[in-house]
Amino acid sequence: MEKEREFERLFRLYYERLFFFARQMVGSEDDSHDVVHGVFEDLWQHISDIHEDSVKSWLYTLTRNRCINHLRRQGARQQYVDFCRRMTECYGTDGYDERDERDQLVKAVLAKFDPDTRDIFNECFFKEQRYQDVAEKTGRSLSSIKKIMAAALRLMNEGKYKKNIKNELS
């Protein structure tokens, strides 16, 4: 019962402040709410471990870190969108045949990845799961997921497989 009262007190005291802090960083109202909700989920789990004199800095630090992670994911997602756009420029966007070819091209690139990398990539991008959630689901460390995603994006962005795939599709 004490935990609930303390959580409610901190929620009432800091939610709005943290929301505006997050809003300045991420720009989107919905994303800011999501970030701050995640912060308070963490607070609920760790409330007994946090000292009263450090709770404010803990909340702001966590909010800042979650905002940075959100922006990184957005940047990575944009890199993937840009990659897909570059991969499909020659096909245009009119008609179903071109879309089918584009989809085949992207699938062929993904098929070149090992199954673990492909699964992690699918979870992070197509299912839009957080890296932390994918790490917990797969039993890997967060840094391992980040490294896998960085390597996958690097391979896709380099267009390393583009020539081979076009030949396979011909």
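**A glutamate and its surroundings**

Modeller: Let's begin with E123, which is buried, with a relative accessible area of 12%. Buried means under 20% relative accessible area, exposed over 50%, and partly exposed in between, with a 1.4 Å probe and protein chains only. Please keep in mind that this is a predicted model, where local features need pLDDT of at least 70, side-chain atom pairs count only at pLDDT 80 or more, and totals for chains, interfaces and linings use all residues. Residues are numbered from 1 along each chain as its sequence is written, and side-chain values use heavy atoms, with hydrogens and water left out.

Biologist: Which side chain makes a polar contact of 3.2 Å with the side chain of E123?

Modeller: First, E123 is found in helix α5, residues 115-126; helices (H or I, at least four residues) and strands (E, at least two) are DSSP runs, numbered from the N terminus. Leaving out residues up to four places away in sequence, E123 touches E128, Q129, V134 and K137, where contact means heavy atoms within 4.5 Å. A polar contact is a pair of N or O atoms within 3.5 Å; within protein, one must be able to donate a hydrogen and the other to accept it, and residues adjacent in sequence count only if both atoms are side-chain atoms. The 3.2 Å partner of the E123 side chain is K137.

Biologist: How many helices are in the protein chain?

Modeller: Buried residues make up 33% of the 170 residues in the chain. Read along the sequence, its pattern is α-α-α-α-α-α-α-α. There are zero strands, and the number of helices is eight.

Biologist: What span does α2 reach from its first C-alpha to its last?

Modeller: Buried residues in α2 include V35, V36, G38 and V39. Setting aside neighbours within four places in sequence, V36 is in contact with Y15, L18, F19 and A22. The expected span of a helix is 1.5 Å times one less than its number of residues. With 18 residues, α2 comes close to the expected 26 Å, and its span is 26 Å.

Biologist: Is T63 buried or exposed?

Modeller: T63 has its place in helix α3. Not counting residues up to four places away in sequence, it touches L18, F21, A22, V35 and V39. A polar atom of the T63 side chain also lies 2.7 Å from the backbone oxygen of L59. Because its relative accessible area is 0%, T63 is buried.

Biologist: How far apart in space are T63 and G38, C-alpha to C-alpha?

Modeller: In sequence, T63 and G38 are 25 residues apart. In space, their C-alpha to C-alpha distance is 8.6 Å.
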